[in-house]
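Here is a walk through a structure that may be new to you. Keep the picture in view as you read.

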Amino acid sequence: MNESAGPWGAAASAPARALRGFAIPYIDMIWRVRGEVPVDASLSPEEAFARLDPLLRTPGTTLRVEGGALTYAKHNPAAQDKLATFTRGRLWIEPAGAGAVLRFDLFSHALLLCFLAPLLFLGFAQLAVSLNAYEAAAAKAEASQKDKKKDEDKPKPVKKLNPIDEFLGAPAPEDPSKKKKDKKDDEDEGRHSPEPGYFLAGLFAALYLLGRWLEPWLARRRFRAALAEPVDSAAS
Amino acid sequence: MAGVQVGKRIIGADAPVIVGWENIPRVQGGPIKQFVFTWFQPAMLFAAIAFWYYAPNWLAVASTAIAIRLGWTVLLLALEWVNPRHASWQLTWKEGVTDAFYVGLGMTFIGMVDSYIGDGVIIKAVQGAFDWEKFGWFTGLPLLVQAVLISMIFDFGQYWMHRAMHNWHPLWLTHAPHHYITQLNVQKGAVGNPIELFLIGLGIGGLFDFLPRAFLLAGAIGMTVGAYQHINVRFNTPRWWRFIFNTTEHHSVHHSQDYEATRSNYSGTWIIWDRMFGTCVDGEAEVLGMEGGRRMHIGETMVFPFREGWRDSKAWLAKRFGTHPVASPPQAGLEPAE
């Protein structure tokens with residue numbers, strides 16, 4: 001790059017462009033977010049990074065400016081850390097047309113884990129199905145050895161409502177012997193239901209999509225707001 | 001910090017806690033907002049009771065309760081959005097997803113384990129040992145009395161289990177991760193080590209014979225009262241309510257960074273248990289957590305009781321027999337909150 005016009009020329013030629021670590025085209029978009037926000041052309045890179053400093057300098061965050069790029073890493077950031085979702089990141093400034101842009105390359109453990117969470121819950125659903133199958137087989141084997149105990153020999157008494165509740169119009173309890181008949185249909189389904197697992201897998205897939213859209217949008221907004229905010233000389 | 005004397009204790013010496021009701025902020029906004037956030041809690045409690053009292057038998061089933069709970073959660077999340085108690089407790093995407101993970105764990109894995117070794121199984125095993133028929137007359141009591149009994153019996157068990165967790169080191173190790181939450185949100189009750197979540201779920205209510213509808217009513221009371229333990233919503237909680245029931249205010253004191261304050265308000269639904277046993281502290285706190293508000297991530301939450309238990313056992317053995325040097329220095333801030 002030979003653009004030397006403007007204050008960005010020297011810095012733009014040097015910085016390492018991206019985050020170290022995995023760089024798998026397309027697939028790494030699952031956990032990586034790249035983007036840019038416009039920067040006031042009159043700002044030097046140092047000034048721009050100084051404006052980002054309050055946003056980035058939070059407990060558990062290490063910052064390093066090297067070769068014209070700012071790299072940060074967060075160790076278990078606080079819940080209210082504005083960039084808590086992105087635990088590592090690299091930011092640098094590049095000329096763009098007449099002005100310049102702040103480019104960022106962010107890495108998120110949270111997005112990756114949220115992407116993988118449906119697999120875990122599908123696993124739990126599968127575990128429920130397998131346990132049901134195993135228990136059904138075990139029960140069958142047991143039944144063939146022993147005569148099946150009859151539950152019906154002791155019919156349960158029909159429970160009555162308290163007169164106060166009868167007066168107030170609460171529905172009377174069901175006959176327990178009648179209920180048993182309906183229950184027989186459910187017996188084949190087993191002790192565990194895989195449905196919560198399926199539901200949660202879907203929920204986490206939806207949460208992932210929400211996060212993959214929302215979190216980069218918020219990060220971009222926060223970078224833009226921080227860059228627009230002049231550095232308080234007393235604070236810096 | 002000077003703190004405030006409550007009984008024989010000084011509350012708020014380590015971290016800010018507002019003691020008493022006089023200085024608790026009120027809901028800000030117009031008359032409609034004031035009205036909604038003053039009457040929401042009692043209105044929902046009475047609506048839930050009325051629904052489960054009159055719902056026909058085909059509707060008064062567990063699956064309806066699950067559907068209602070889901071809708072209820074969404075409604076409470078919306079309230080957090082509309083009228084947050086503290087900006088510093090705002091639910092972020094990452095916090096929300098983390099909370100959902102713990103809820104999911106409870107709905108799947110812990111539920112499966114529970115079906116083998118949970119209270120249902122234990123109760124079945126001990127039921128044969130006594131003549132529980134003696135309690136058969138319970139089913140003849142008015143439904144609401146049964147429901148309140150179920151709810152109070154369960155909460156009584158929770159109170160003592162929770163208090164034990166704050167007073168006996170091995171149990172504290174399972175409960176400590178829950179105290180690392182730094183803000184209260186709708187699903188934060190599910191955040192914690194699975195062993196703790198299993199233990200706190202154990203109840204003795206199932207020992208007694210109640211009508212199924214009474215259990216559903218008790219569930220409704222638990223849902224529309226216990227839900228406010230962990231929530232970031234500012235309510236003008238009625239005086240009678242906060243005298244009988246646990247509130248966000250009470251539970252925020254329990255979660256504060258102040259050591260003495262955490263040793264209060266152990267009940268889940270009925271704060272009157274705390275009033276009876278001398279552990280109630282009325283008030284609220286915003287600054288929550290352990291170790292100065294260090295957030296505990298999911299991985300550490302899962303291993304914490306084992307890791308700390310292992311360290312403590314080694315240290316104890318070394319101290320007792322003096323043969324092995326202590327491998328690691330004792331961790332600051334990991335003492336039980338007692």
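A residue counts as buried if 20 or more other C-beta atoms lie within 10 Å of its own, with C-beta atoms placed from the backbone. The model is predicted.

Start with helix H1 of chain B, residues 31-54. By that count, B:Phe37, B:Phe40, B:Gln41, B:Ala48, B:Trp52 and B:Tyr53 are buried in H1(B). What covers them? The cover includes three helices of chain B: H5 (143-165), H8 (212-226) and H9 (239-244).

Now check the length. H1(B) has 24 residues, and at 1.5 Å a residue they should span 34 Å. The end C-alpha atoms lie 32 Å apart, so the two values agree.

Turn to chain A. Its secondary structure comprises six helices and five strands. Along the sequence they run α-β-α-β-β-β-β-α-α-α-α. Chain A has 236 residues, and 30% of them count as buried. Consider its contacts between residues at least 6 apart in sequence: 65% of these join residues at least 24 apart.

Finally, see where the chains meet. Here 30 residues of chain B are in contact with 33 residues of chain A. On the chain B side, H1 and helix H3 (93-117) each supply at least two residues. H3(B) gives the most, with 12 residues. By class, this side of chain B has 14 nonpolar, 12 polar and four charged residues.

How values were computed: Residues are numbered from 1 along each chain as its sequence is written. Chains are lettered from A and ligands numbered from 1 in the order in which they are written. This is a predicted model: local features need pLDDT of at least 70, side-chain atom pairs count only at pLDDT 80 or more; totals for chains, interfaces and linings use all residues. Helices (H or I, at least four residues) and strands (E, at least two) are DSSP runs, numbered from the N terminus. The expected span of a helix is 1.5 Å times one less than its number of residues. A residue is buried if 20 or more other C-beta atoms lie within 10 Å of its own, exposed if 12 or fewer, and partly exposed in between; C-beta atoms are placed from the backbone. Two residues are in contact if their C-beta atoms, placed from the backbone, lie within 7 Å. Ala, Val, Leu, Ile, Met, Phe, Trp, Tyr, Cys and Pro count as nonpolar, Asp, Glu, Lys and Arg as charged, and the others, Gly among them, as polar.
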